Amino acid sequence: MTTVGIIGSGMIGGTVARLSVAAGHTVVLSNSRGPETLAELAAELGPLATAGTAEQAAEARDLVVVSVPVKAFGDIPVKPLAGKPPLDTGNYYPQRDGHIAELDTGALTSSGLLQRYLPEAHVVKVFNNIYFKHLCRLARPHGAEDRSALPIAGDSEQAKAAVTAFLDSIGYDAVDAGSLADSWRQEPGTPVYASPYGPFADEMGTPAGAARIRADLVGAHR
C-alpha cells in the first residue's frame, strides 16, 4: 500500500485521490485554503483519506501529487519533497499564471521550472494531458484490452519507475515521453493533449492505448 500526498485537491488532484483510494492506497489531501475545507471530501473517500496541510501532504512517505498553478510553485513545501518523486499534473497558462519568459520562449518547460523550485526532488510530469472526467472513467484493470495509457516525463529513471507502478495500480499504462526537457511533447497544443481520450462533451471518454500515445508524442512539433 502506497501513501499518496495530494498538494492541490481540485479536479485532477481530487480525481487522483479517488482512484488511489479505490486501489487501496492511503491519501493525505491538502489545498491552499486549509484542511477544514477538505473535510467533506475526506469523509466521502472514507477511512483511507485524511485532510491536512500542504506540509503534511508533502511528508507522505511515498508519492506526492502536485496539482497547483504554475504561479503557485513558490508556495510548495521544499524540504519534505527532497528525494521524492513529485507528480506534476499542471500546465502553464499565461492568462492565469502571468507571462514567464523562459516558458514563453520554450527555453524551459513548466515541469523543468518546478524542478528548479524543488532541486532535491525528482519531478515526473503526468496527468497533465487528460480531462479529469476522462481520467476518472477510463481507468481499467491491468491487462484489460481497452486500457488507456498516460505519458510521463522525468529525469530520474527510478522516479519514473515508481510512477509507472503507481499508474498501473490505479488503472493506467505509462508511456515514457523522455526527460523533463522533452515534456513539452505532452503540453497543451500537442497531439497527445486531451484529444486521444475523446472530446470533453463525452464524459465517458475514449480509451487510448500505448501505441496511440506513442504516435502522438512522435507527432508533436514546436
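**Reading a predicted fold**

Modeller: Let's start with the surface: the protein exposes about 9800 Å², and carbon and sulfur atoms supply 54% of it. Those areas come from the Shrake-Rupley method with a 1.4 Å probe, and for residues only the protein chains shown count as cover. Keep in mind that this is a predicted model: local features need pLDDT of at least 70, side-chain atom pairs count only at pLDDT 80 or more, and totals for chains, interfaces and linings use all residues. Residues are numbered from 1 along each chain as its sequence is written, and side-chain values use heavy atoms, with hydrogens and water left out.

Biologist: Fine. How many helices and strands does the protein have?

Modeller: Helices (H or I, at least four residues) and strands (E, at least two) are DSSP runs, numbered from the N terminus. Here you get 9 helices and 8 strands. The radius of gyration is 16 Å, close to the 17 Å that the globule rule gives for 222 residues, so the protein is as compact as a globular protein of that length. That radius is taken over C-alpha atoms, and the rule is 2.2 Å times the number of residues to the power 0.38.

Biologist: And what share of the residues count as buried?

Modeller: Buried means under 20% relative accessible area, exposed over 50%, and partly exposed in between (1.4 Å probe, protein chains only). Of the 222 residues, 54% count as buried.

Biologist: Show me a strand. Is β7 enclosed or exposed?

Modeller: In β7 (residues 149-154), 6 of the 6 residues are buried, so the strand is largely enclosed by the rest of the structure. Both faces are covered: Ala149, Pro151 and Ala153 are buried on one side, and Leu150, Ile152 and Gly154 on the other.

Biologist: Which strands pair with β7, and in which sense?

Modeller: Two strands pair if DSSP finds at least two bridges between them. β6 (residues 124-125) pairs with β7 in the antiparallel sense over 2 bridges, with lysine 125 opposite alanine 153. β8 (residues 173-176) pairs with β7 in the parallel sense over 4 bridges, and there isoleucine 152 stands opposite aspartate 176.

Biologist: Now a loop residue. Where does valine 78 lie, and what does valine 78 touch?

Modeller: Valine 78 lies in the loop between β4 (63-66) and β5 (86-88), and is partly exposed, with a relative accessible area of 41%. Contact means heavy atoms within 4.5 Å. Not counting residues up to four places away in sequence, valine 78 touches Tyr117 and Leu118. Its C-alpha is separated by 8.3 Å from that of glutamate 120, 42 residues apart along the chain.
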